[in-house]
Amino acid sequence: MKMPTLPRRQLARLAATLVLAALGPSASLASAATPVAAGYRDFSFGAAPNAPTAKEPQSKLWYAAGSWWASLYVTSTGSFHIHRYAASTHDWIDTGTAVDERDVTRSDALWDGSHVYIVTAGISTGSAASARLLRFSYDPGQQRFTLDPGFPVTLSTGGMESISIDKDTTGTLWATFVQAGTAYVTHSSGGDATWVAPYVLPATGATGLNVSQKEEIAITSYNGRIGLMWSDQDDSTYRYAEHVDGAPDTVWQSSTAHSAPEEADNHINLVGLDGDPAGQVFATVKTSLNSPNAPLYKLLVLRNDGTWAQHTIARVTDNHTRAIGQVDLQNRRIYFLATTPCCSGGSVYQKSTSLDAIAFPVGKGTVLISSATETKINNTSATKQTLDGTTDLVTVASDDAANFYLHGELDLPSASDTTPPETTIDSGPSGTTGSTSAVFAFSANEASTFACRLDGAAFTPCGSPISYSGLALGTHTFDVRATDLAGNPDSTPAARQWTVSTGPVTLFSDGFETGSFSGWTQVTTAGGGTAVVQGPVVRTGAFAAQLAATSATGSVAYARRTLATAPTDVRVAGDFHVLQEGASGGNVPLIRLLNTSGTRVISLSRQNLSSNRIYVQISGVNSLTSGVLPLSTWGRFEVHVVAGAAGAGVVEVTLNGTPIFQTATGTVGTTGIATVQIGNDTAKQTFGLVADDLLVTTG
């Protein structure tokens, strides 16, 4: 924040007094902010509320109508009120709008551009701690928020460590919390004031959580999805589930964000970004490690290809606690705010890194809030919104020993970016090729969005990689243009020209019309597994392969074909029909591709009892595709793999001619694909599968 001179500060206080007069007798300057060693001491919240700025999944602040706002406790009324921040004087002004009369509650605030939603709940049991949702509208004439008719709404009975909210692209509000060792979720239905009954999150690991560990859950919205992350300390795991906006309540996709011995705690804060090249979800999480140089805080990043990356933020020796993340999109920075020492409080520190090249500096960081008299400052809280040079960064914290609020400010740069990005085509066809399809990967020297065109057509928005199929014989030109996040377009788009001269080369095909596996290098069955060529269930012709295994020890059934060469550009297609699936947690493999060492590179499978979803695993990293294959239904799948020079390459999957997955950064190695497999070589997994019309091509 910009520091005014003394005369300006006096004028600002006069202006604040005039604003209070306009707001009426219910508003007041809560207390003149006092500069301390770092930041400002605000007013006392008394002995009634406990940790009023907790917890990490929640936000006590929001930015709207050119000001910061907060839900803060007022001792004279014994309730939480909405306060407006007077930036020029560093004071919080009580607008008189009540939020919750219960001093035991913790709140989470969400500003959606039209309303602010605040959800509150206590940590005790019984109706006194029930979760409530309130909606407020902004009155520009009075410069205050007022409660809308029909609110508050009770969302759940009983207490919880925290409850948090967000809103999806359909306008549906979502809330989540952990209660009695179970993760729950609920959402609005037909309007903000009508909600479905909370239901158990239908995701792996959402039940049976250790009550004594006080597990927490956080929520965020990003790229047409709602994401939830929760802690499971017994399994040393941070679990994750996502829900596509508009999908049925029962359809959630589970995954593991991070799992390692002693690397889970119940401290989670999420930031979700839409259409950002740096990633989709940024989770600030705490570990339970004890070695001085071990990571105490990590940043888990859900990348745009659906995989998770991790970065060390701070070490055990730094002794941070109660950390949150804040993102400055204009300047492409992500900030880490936390208290040290743990665990009853001290001072609030901050450090940051580039959003596009994450590498946090070593050490505690820079002091943001510190006081000689308030020595137990803790539980810093900020906003769900992204920041820029207009908003700057504001955070509130509390000292539960001295019973005072404190706040800190960071002045964020607001300089205008006028430099355009440089666009680079990283991979794609060149020269002459026999393939009638093409896959291009591309990037820029700074965070950007992209537009592509083929053969001189109009530029249209695109992402890397982009695929083209059904190309005519002859010469083609691909152009891609980056536009940075400040709106500067690359005036010299990157271009690539190539020629299509012949069709693809067939390496292997089998429609099983010989009535046998004669075209396959190896057919293996054991433990009651079976592999036969049969006639009752076929896609075309008279025969198809049928493979099946049971849950018995050692039961497997698979067929493999070793290719004459190990191409680095290969397409494997086939028709598949799943007759039987096994228990939840297992899957039915459709296609597996192995390298020259016999190591599994690609595995395409249908997950058991998971809404018919199709997954692709690339060198051990499992990713959800958009494809589904119901039982007893034929589907034609094609897997396209292009190995890059450094081992990272393109992987594309189509179902019935429609793309369901693609990445340009898959870890596929450099040795090429040597073996194609159908069926399952993993023992004790029940499955029944029919395969027909296998085709392997290159070029």
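**Close-ups of a predicted chain**

Histidine 90 is buried, at a relative accessible area of 0% (buried is under 20% relative accessible area, exposed over 50%, partly exposed in between, using a 1.4 Å probe and protein chains only). This is a predicted model, so to speak of local features a pLDDT of at least 70 is needed, side-chain atom pairs count only at pLDDT 80 or more, and totals for chains, interfaces and linings use all residues. Residues are numbered from 1 along each chain as its sequence is written, and side-chain values use heavy atoms, with hydrogens and water left out.

**View 1. Histidine 90 and its glutamate partner.** Look for histidine 90 in the loop between β6 (79-86) and β7 (91-100); helices (H or I, at least four residues) and strands (E, at least two) are DSSP runs, numbered from the N terminus. Its side chain and that of glutamate 409 are joined by a polar contact of 2.7 Å. Such a contact is a pair of N or O atoms within 3.5 Å; within protein, one must be able to donate a hydrogen and the other to accept it, and residues adjacent in sequence count only if both atoms are side-chain atoms.

**View 2. Aspartate 569 in strand β45.** Strand β45 covers residues 569-580. Is aspartate 569 buried, exposed or partly exposed? With a relative accessible area of 24%, aspartate 569 is partly exposed. Setting aside neighbours within four places in sequence, aspartate 569 is in contact with His640, Val641, Val642, Thr697, Thr698 and Gly699, where contact means heavy atoms within 4.5 Å. With one of these, histidine 640, the aspartate 569 side chain makes a side-chain polar contact of 2.8 Å. Serine 430 is 139 residues from aspartate 569 in sequence and 14 Å from it in space, C-alpha to C-alpha.

**View 3. The largest cavity.** Rolling a probe the size of a water molecule over the atoms shows where empty space is left. How many cavities of 30 Å³ or more does a search of the whole structure find? There is 1, and about 40 Å³ of space lies in the largest cavity. Grid points are joined across faces, edges and corners, and a volume is the space filled by probe spheres set on the points. Aspartate 569 turns up again here in the lining, along with residues including Pro567, Thr568, Val570, Val641 and Ile673. The lining residues split into 6 nonpolar, 3 polar and 1 charged (Ala, Val, Leu, Ile, Met, Phe, Trp, Tyr, Cys and Pro count as nonpolar, Asp, Glu, Lys and Arg as charged, and the others, Gly among them, as polar).

**View 4. Threonine 675 in strand β53.** Threonine 675 belongs to the strand made of residues 675-680, and at a relative accessible area of 10% threonine 675 is buried. Not counting residues up to four places away in sequence, threonine 675 touches Arg560, Arg561, Thr562, Arg592, Leu593 and Leu594. Glycine 598 is 77 residues away along the chain, with 7.7 Å between the two C-alpha atoms.

**View 5. Isoleucine 268 in strand β21.** Isoleucine 268 has a relative accessible area of 0%, so it counts as buried. Its contacts, leaving out neighbours within four places in sequence, include Glu56, Pro57, Met229, Trp230, Tyr238 and Val285.

**View 6. Two cis peptide bonds.** One joins cysteine 342 and cysteine 343, with omega about 15 degrees; cysteine 343 is in the loop between β26 (333-340) and β27 (347-354). Another runs from serine 464 to proline 465, with omega near 0 degrees, and proline 465 lies in the loop between β36 (460-462) and β37 (466-468).

**View 7. Alanines with positive phi.** Alanine 51 has phi near 50 degrees, a positive value in a residue other than glycine. Alanine 51 is in the loop between β3 (40-44) and β4 (61-64) and, at 6% relative accessibility, counts as buried. For alanine 65, phi is near 55 degrees, and this residue lies in the loop between β4 and β5 (67-74).

View 8. Over residues 1-26, pLDDT stays under 50.

Key. pLDDT = per-residue confidence, 0-100. 1 Å grid on protein atoms, 1.4 Å probe; cavity = no way out; pocket = protein on both sides within 12 Å on 5 of 7 lines; lining within 4 Å.
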